[in-house]
Amino acid sequence: MIRNLIAAVCGAFFAATAPSCLFASVTNVVDVAKLAAAADKSVQEAIVDGWRLCGLERYSSDCLKFNNLDDALVSADFDRPIVGIIFSVRCSSTSPTRSLHIISGEGGSFLGTLEPVAVNDRFEEQVILIPEASAVRNFSIRLEGTDTTGVWGISKIAVITASEIETPTSLCVLRALSTRAAFSWVNSLSAVSNEVVLARLEADAPESEEVFSCDFSEFNAGGNPADFSERLPEGLFGVRIYAPKNSSGLCQISKGDMYGVLGIAAVEDYVGVSLHVRLKRFSSDDYSKTHVYWTDDASTNLVKTIELGDDFSDEVIDVSSAPQGAKLLIFDDSAKGKRRVVLDSLSLVRKIRAPEISREVKCVSLSGGSHRVTTAALRFSPLVPSSRYRVSVCAFNAAGDASAAAEAEFFTAKAKPSVVIVR
């Protein structure tokens with residue numbers, strides 16, 4: 001338990017010190033103390049958690065010592081490409097004749113050298129960056145050089161692996177004319193290319209269907225709030241759920257500074273589902289925010305924070321990230337004081353994927369960042385006027401991994417009338 005706690009703290013530390021270019025990556029903190037415990041000068045080789053120690057000693061219970069030429073530490077294999085390695089190192093000299101070299105695998109390409117320290121025998125943080133395209137999955141740390149100046153120690157190692165390729169964001173139809181269209185989106189930093197799918201859809205297919213709704217018509221109260229926590233419609237559950245005093249058809253979450261929770265358990269599958277809710281805060285004395293979460297009973301995850309006004313507003317929240325069987329929650333437990341929320345109605349709406357009439361697929365080499373393309377530039381066939389289309393964009397990283405697709409639908413404009421000039 002203590003070791004897990006230390007690993008968690010080290011993970012937060014290394015994440016904070018990692019270069020900003022690695023923000024979309026995953027930090028894998030190595031248990032150096034466990035490696036050091038196995039380091040023994042009398043043992044030529046030891047293997048711990050897939051890491052191989054060759055001739056290593058230990059400075060202390062949590063520090064490996066590289067004391068002889070060809071002393072080496074060979075890493076375990078990682079599932080994803082390594083894009084950086086963060087070290088905490090010490091050296092007995094600021095002008096060593098021996099240094100720690102980082103190479104891919106056991107005898108592969110040279111990746112970098114740890115720099116001489118500014119002060120001898122004081123730990124310093126150093127980073128080796130590796131291009132994701134190199135597809136390095138393991139590496140070796142080896143003491144190389146001449147003579148005997150420079151005894152090195154490593155007390156911390158964090159291996160930064162590339163994250164799974166992220167779905168392009170902010171997909172937008174910039175312009176839709178009768179026979180062509182323009183789109184834009186933002187790639188994550190690890191993207192090297194995109195696949196764009198353009199599908200013509202059945203125009204008269206419904207765009208969405210309501211799978212659950214509640215207008216709280218059964219809620220009513222006289223001069224005092226009425227507790228409906230045990231009388232909620234099927235598909236809803238909650239704690240401290242009321243009909244506000246002197247009201248009809250309204251639902252109130254929380255009472256005074258005692259927070260309540262409204263839960264929704266009305267669907268099993270959230271693919272393409274959005275939550276539509278009309279709500280406000282009870283009064284200007286109440287907190288101006290509430291939150292929508294999903295929970296699978298093992299964890300609770302924030303979906304969106306909603307700003308509340310003194311008048312009702314309509315909010316549409318994409319809840320498609322919720323896993324199958326999850327429940328939705330509306331509540332806030334972080335604010336002090338009153339946090340009453342009043343709902344006029346809520347519903348769950350599922351977007352329907354319209355049947356495709358035809359489709360075309362194009363690929364384009366585009367790196368991370370914002371991009372704008374046209375159907376003409378991508379060499380799509382001319383679009384059909386007055387038609388419904390869906391554009392889907394996914395991204396690929398250097399390893400060939402594909403992201404999920406971002407999607408948007410649009411209608412092309414009517415065909416322009418033909419003009420005949422008579423002379």
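Buried means under 20% relative accessible area, exposed means over 50%, and partly exposed is in between, using a 1.4 Å probe and protein chains only. By that rule C394, at 9% relative accessibility, counts as buried.

The model here is predicted, so local features need pLDDT of at least 70 and side-chain atom pairs count only at pLDDT 80 or more, while totals for chains, interfaces and linings use all residues. Residues are numbered from 1 along each chain as its sequence is written, and side-chain values use heavy atoms, with hydrogens and water left out.

**Cysteines and a glycine**

How many disulfides does the count come to? A disulfide is a pair of cysteine sulfur atoms within 2.5 Å, and the count comes to zero. Take C363: its closest cysteine sulfur, in C394, is 7.8 Å away, which is too far for a bond. C394 is likewise in no disulfide.

| Residue | Relative accessibility | Class |
|---|---|---|
| C363 | 62% | exposed |
| C394 | 9% | buried |
| G400 | 47% | partly exposed |

You can find G400 in the loop between the strands β32 (388-397) and β33 (406-411). Strands (E, at least two residues) are DSSP runs, numbered from the N terminus. From G400 to C54 there are 346 residues in sequence and 34 Å in space, C-alpha to C-alpha.

**The cavity**

C54 also belongs to the lining of the largest cavity, along with residues including A38, D40, Q44 and L56. On a 1 Å grid over the protein atoms alone, a cavity is a set of points where a 1.4 Å probe fits but cannot get out, and lining residues have an atom within 4 Å of a point.

**The nonpolar cores**

A nonpolar core is a set of buried Ala, Val, Leu, Ile, Met, Phe, Trp, Tyr and Cys residues joined through side-chain atoms within 4.5 Å. Which members of the largest core touch the most others? They are I264, L343 and L346, in a core of 35 residues. Strands that each supply at least two residues of this core include β23 (261-264) and β29 (341-351). A second, separate core has 34 residues, among them L73, I141, L143 and V159.

Methods
On a 1 Å grid over the protein atoms alone, a cavity is a set of points where a 1.4 Å probe fits but cannot get out, and a pocket is an open set with protein on both sides within 12 Å along at least five of seven lines; lining residues have an atom within 4 Å of a point. Helices (H or I, at least four residues) and strands (E, at least two) are DSSP runs, numbered from the N terminus.
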